[in-house]
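Q: Please take a close look at one annotated part of this model. How is it built, and what lies around it?

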Amino acid sequence: MTTETKTATPGKGISRRSLLKTGAAAVGAIAGSGAITGFPTIWAQNPITLRQFGTGVSNINAIAEKCKEDLGITLEMTATDSDAAAQRAVTQPDSYDIADIEYWIAKKVFPTGVMQPMDVSKIKYYDKIVPLFINGKLKPDSVVAQGTAPHTVGFVDAQDSKTFAKEPTQWMTLIPTIYNADTLGIRPDLVGREITTWADIMDPAFKGKTAILNIPSIGIMDAAMIMEAMGNIKYADKGNMTKDEIDQTIDFLIKAKQDGQFRAFWKSFDESVNLMASGEVVIQSMWSPAVAAVRSKGIACKYQPLKEGYRAWGGGLGLAAHLQGAQLDAAYEYINWYLSGWVGAYLNRQGYYSAAMETAKAHMSEDEWGFWVEGKPAKGDILSPEGKVMEKAGAVRDGGSFEERMGKVACWNSVMDEDRYMVRRWNEFIAA
Amino acid sequence: MATVASTEPNETSGRTRSRSLGWPVAAISYLQATPLLLILGFFFILPILTIVVVSFWDYDFAGLYPDFLTMNYTDTLGSWVTWKTYLNTLKFTVLTWALTLVIGFWVAYFLAFHIRTTTMQMVLFLVCTVPFLTSNIIRMISWIPVLGRNGLVNSALIKLGVIPEPIEWLLYSDFAVVLALVHLNTLFMVTPIFNTLMRIDRSLIEAARDCGASGSQILWNVILPLAKPGMAIGSIFVVTLVMADFSTVQVMSGGQSASVALMMKNQMSLLQYPAAAANAVVLLVVVLLMVAAILRVVDIRKEL
């Protein structure tokens with residue numbers, strides 16, 4: 001209750017304790033802010049600050065600037081890595097208003113009761129949200145992917161419920177923001193043959209010229225895609241392996257490592273770029289901006305679509321449980337603005353995807369929409385949101401259109417029940 | 001009577017007090033030591049105590065729970081990964097130590113005995129420190145384009161026709177790790193050894209020569225024993241630095257090799273602080289034992 005007074009006193013540095021001391025003042029402020037709710041245009045006169053922390057859009061200052069310009073709402077953004085984000089979401093629920101977290105983090109965080117679901121009737125563009133986040137199917141005939149698929153943690157039964165609903169309800173946990181489909185990056189000039197499957201990374205021809213990423217929770221998923229593609233194992237759910245499945249996967253990785261299949265294991269974005277650009281590796285796990293970075297050096301690099309499908313990831317915005325009154329209204333307004341198109345176009349131009357594709361379309365040129373979303377050859381140069389040339393005219397996006405890419409998701413990044421065991425075994429793999 | 005008897009010694013001590021500006025001698029010493037005690041207590045002892053305390057706590061992804069569990073230690077010490085990682089780290093330490101000792105000694109020896117003027121000695125010594133004007137990370141990473149598959153060494157050797165195809169083990173290997181560690185740490189050997197060599201009384205060498213000792217005998221029987229304290233100090237620097245290294249091992253091995261500190265960093269990035277704390281305590285004990293062993297072999301205070 002007391003933290004809600006932050007509406008009346010924007011700015012940092014008010015501890016919970018000092019607020020409790022001034023309990024009487026808080027009551028007054030609550031009454032005051034309750035009166036404000038009727039007037040949504042008040043933000044300019046009575047500036048609202050929303051504190052947002054997390055992994056995805058919280059890294060993009062342009063969004064905060066545009067939000068200030070359009071809504072008068074100040075966004076205070078803090079970027080962290082995903083493990084720290086999960087911890088902060090749970091342990092310091094009063095330190096943020098909006099959590100920008102990935103879906104697998106929501107699976108850990110939401111049941112602890114530090115967040116509140118959003119009423120979809122207040123989300124103006126709810127029916128524009130890509131169905132992938134509603135029922136898990138991009139198209140009616142799509143197969144639901146394994147792992148922590150967003151729709152499985154996207155809804156709860158009631159406003160005060162902490163358990164995820166099996167069907168879409170009126171209460172949504174996260175509004176999807178950034179999401180994408182990951183695959184292997186290759187050097188088409190050096191692999192010397194067609195790459196079609198995740199299993200190709202284990203081809204003896206590429207011995208000592210491959211790399212996978214050394215971030216356990218994601219690396220294990222790439223390993224699972226490889227294992228299954230090779231026909232070594234059939235997982236019940238890649239995103240939630242049993243101890244036995246973890247053992248088999250790690251043992252396989254250890255053997256491949258000892259046979260010298262890998263050149264390196266990368267941890268950060270720039271490492272993956274350098275490995276690829278220098279020719280140390282010719283095929284490796286990669287993220288889409290890294291592929292763009294290699295290409296911007298004038299080196300051929302392809303984000304190769306593979307027949308088993310993609311490993312997808314996605315994040316979204318959720319509301320802290322303590323949001324109330326004017327601040328809650330501001331948060332809804334921010335989210336409605338967020339889905340209204342400008343941000344979506346911005347994210348699409350970065351090579352990610354936005355939650356409400358239709359609204360984003362209006363903010364993109366026909367050529368941009370054709371290149372990024374429809375998979376058509378670019379008619380002119382394709383620019384990044386910062387105005388840098390990303391692709392020359394005639395280029396086609398690797399993997400093709402939005403539907404082709406997001407329609408072939410095999411699994412989502414996830415959190416396993418045997419998480420701790422998996423991390424321990426992963427460390428054994430690195431030490432082996 | 002009793003009171004009189006007791007006042008007497010008081011008077012004596014009072015006299016002592018007045019001689020030392022009204023303070024007991026012991027109090028002054030303690031007072032002089034207080035600033036250091038406060039600094040060390042606050043910035044050194046307190047954090048270490050915190051680490052020790054936290055190493056017994058329980059944890060999950062969301063937080064730390066005060067407790068007294070030995071789980072973190074049994075997990076750490078009971079896993080073959082820990083043992084293997086320690087062995088690996090020790091291997092890097094021993095190799096780096098041996099190489100930096102030999103190289104560092106010869107550089108220091110050259111500076112101390114073959115350069116005649118003090119000015120030139122200082123100039124050359126400063127030249128040794130030039131690489132330290134850039135950061136550790138940059139000096140390490142600059143090896144990558146040199147050693148890589150298409151790097152300077154490989155492309156030069158191929159062009160000269162020495163090798164038909166690139167040597168793979170130059171980069172992302174134990175070789176690369178040790179090379180970078182030696183490169184980064186040799187100066188820590190050179191400095192203290194140079195310092196002790198400069199203090200050696202030159203007449204000792206003349207005396208040895210007069211007694212008919214050969215150059216190698218002088219080196220072995222006079223210079224080396226006298227250089228021991230410097231070598232010990234350098235060894236302490238190198239051993240502690242290499243045992244605690246994580247970035248060099250990760251970058252130069254391409255993430256293929258593990259070190260103790262890297263293991264800790266992995267745990268911390270997953271917010272498993274108590275496990276990392278337990279690991280830190282174990283590492284601290286191991287390193288202290290190693291330093292104690294060095295000090296047992298060489299009495300560094302003898303020459304300071």
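A: **The annotated domain and its surroundings**

Residues 86-294 of chain B carry the UniProt feature "domain: ABC transmembrane type-1", from an unreviewed entry. UniProt positions follow the numbering used here, feature names are shortened, and annotations may be inferred rather than shown by experiment. The model is predicted: local features need pLDDT of at least 70 and side-chain atom pairs 80 or more, while totals for chains, interfaces and linings use all residues. Residues count from 1 along each chain as its sequence is written, and chains are lettered from A and ligands numbered from 1 in the order written.

Chain B as a whole has 14 helices and two strands. (Helices, H or I, are DSSP runs of at least four residues, and strands, E, of at least two, numbered from the N terminus.) The C-alpha atoms of chain B fill a box of roughly 105 × 70 × 30 Å along the principal axes.

The unreviewed UniProt entry also marks "transmembrane region" in chain B, at residues 36-57, 92-111, 123-144, 175-197, 218-244 and 273-298. Take residues 175-197 of chain B: the stretch is 100% helix and 0% strand, with 31 Å between its end C-alpha atoms. Residues 218-244 of chain B are 96% helix and 0% strand. There the end C-alpha atoms are 37 Å apart.

Two helix pairs show how the chain packs. In chain B, helix H4 (residues 80-114) meets helix H9 (residues 174-199) at about 45°, and their axes are 6 Å apart. The contact of H4(B) with H9(B) has 21 nonpolar, five polar and no charged residues. (Ala, Val, Leu, Ile, Met, Phe, Trp, Tyr, Cys and Pro are nonpolar; Asp, Glu, Lys and Arg charged; the others, Gly among them, polar.)

Helix H11 (residues 215-243) and helix H14 (residues 273-297) of chain B form the other pair, at about 165° with axes 10 Å apart. That makes H11(B) roughly antiparallel to H14(B). From H11(B), the contact uses B:Ala232, B:Ser235, B:Ile236, B:Val239, B:Thr240 and B:Met243. H14(B) answers with B:Leu283, B:Val287, B:Met290, B:Val291 and B:Ile294. (Residues are in contact if their C-beta atoms, placed from the backbone, lie within 7 Å.) By class, the contact of H11(B) with H14(B) has nine nonpolar, two polar and no charged residues.

Now the partner chain. The contact takes 20 residues from chain B and 23 residues from chain A. On chain A, helix H4 (82-91), strand E11 (262-266) and helix H16 (419-431) each give two or more residues to the side that touches chain B. That side of chain A has nine nonpolar, eight polar and six charged residues.

Chain A has a helix pair to set beside these. The axes of its helix H7 (residues 216-229) and helix H8 (residues 243-258) come within 10 Å and cross at roughly 85°. H7(A) and H8(A) are therefore roughly perpendicular to each other. A:Ile220, A:Ala223, A:Ala224 and A:Met227 of H7(A) meet A:Thr249, A:Phe252 and A:Leu253 of H8(A). This contact of H7(A) with H8(A) has six nonpolar, one polar and no charged residues.

How values were computed:
Contact = placed C-beta atoms within 7 Å. Axes fitted to C-alpha atoms, helices over the stretch in contact; angles between N-to-C directions. Parallel < 35°, antiparallel > 145°, perpendicular 65-115°, else oblique.
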